[in-house]
Amino acid sequence: MSRKDTILRAAQRTAKEAREAASRKSKRRENSGILPHRHCSICWKPITLESMPPVCSNEECEDSWKKKDKSRKRLTIMMYFFPAFAILLLIMNILQQS
Ligand SMILES: [Zn+2]
């Protein structure tokens, strides 16, 4: 057997093994029996997909989520406000120059 044949055969075997491993992996995922779910954004306990806010029934989690949500909303406002303010300043600058 030539060296080329040996390499070709080895490559084919590797590809086959990879394919088999991939199919095994997907099969395991199907059989795991875990339903689609999400996690509490504070303590990562599994909760139902529909729960809104995305926290568990723990009061502490709810409180800290509310705090987080408030600061997130504030950040979103800032992200819109600062560019708008910068543009406004730019426009005023242009108007003053003309
Ligand atoms: Zn929680």
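**A walk along one chain**

Hi everyone, let's start with helix H2, residues 59-97: at 1.5 Å a residue its 39 residues should span 57 Å, and the C-alpha atoms at its ends are 57 Å apart, so the two values agree. The expected span here is 1.5 Å times one less than the number of residues in the helix. Helices are DSSP runs of H or I with at least four residues, strands are runs of E with at least two, and both are numbered from the N terminus.

Two notes on reading this. Residues are numbered from 1 along each chain as its sequence is written. This is a predicted model, where local features need pLDDT of at least 70, side-chain atom pairs count only at pLDDT 80 or more, and totals for chains, interfaces and linings use all residues.

How confident is the predictor? pLDDT is its confidence in each residue, from 0 to 100. The chain averages 87, and 91% of the residues score at least 70. Confidence is highest in H2, at a mean of 95, and lowest in helix H1 (residues 3-31), at 76. Where pLDDT is low, the predicted coordinates should not be read in detail.

Now the overall layout. There are 2 helices and 2 strands, and along the sequence they follow the pattern α-β-β-α. The C-alpha atoms fill a box of roughly 85 × 50 × 15 Å along the principal axes. The radius of gyration is 28 Å, whereas a compact globule of 98 residues would have one near 13 Å; that radius is taken over C-alpha atoms, and the globule rule is 2.2 Å times the number of residues to the power 0.38.

What about burial? A residue is buried if 20 or more other C-beta atoms, placed from the backbone, lie within 10 Å of its own, exposed if 12 or fewer, and partly exposed in between. Of the 98 residues, 3% count as buried. H2 is hardly covered, with a count of 1 buried residue among its 39. Take Met78, which lies in H2: Met78 is exposed because it has 11 other C-beta atoms within 10 Å. Met78 and Met92 are 14 residues apart in sequence and 21 Å apart in space, C-alpha to C-alpha.

Finally, two loops to look at on the screen. Trp44 sits in the loop between strand E1 (38-39) and E2. Trp44 is not a glycine, yet has a positive phi of about 65 degrees. Trp44 counts as exposed because it has 11 C-beta neighbours inside 10 Å. Further along, Pro53 lies in the loop between strand E2 (46-47) and H2. A cis peptide bond joins Met52 to Pro53, with omega about 5 degrees.

Technical notes
pLDDT is the predictor's confidence in each residue, from 0 to 100.
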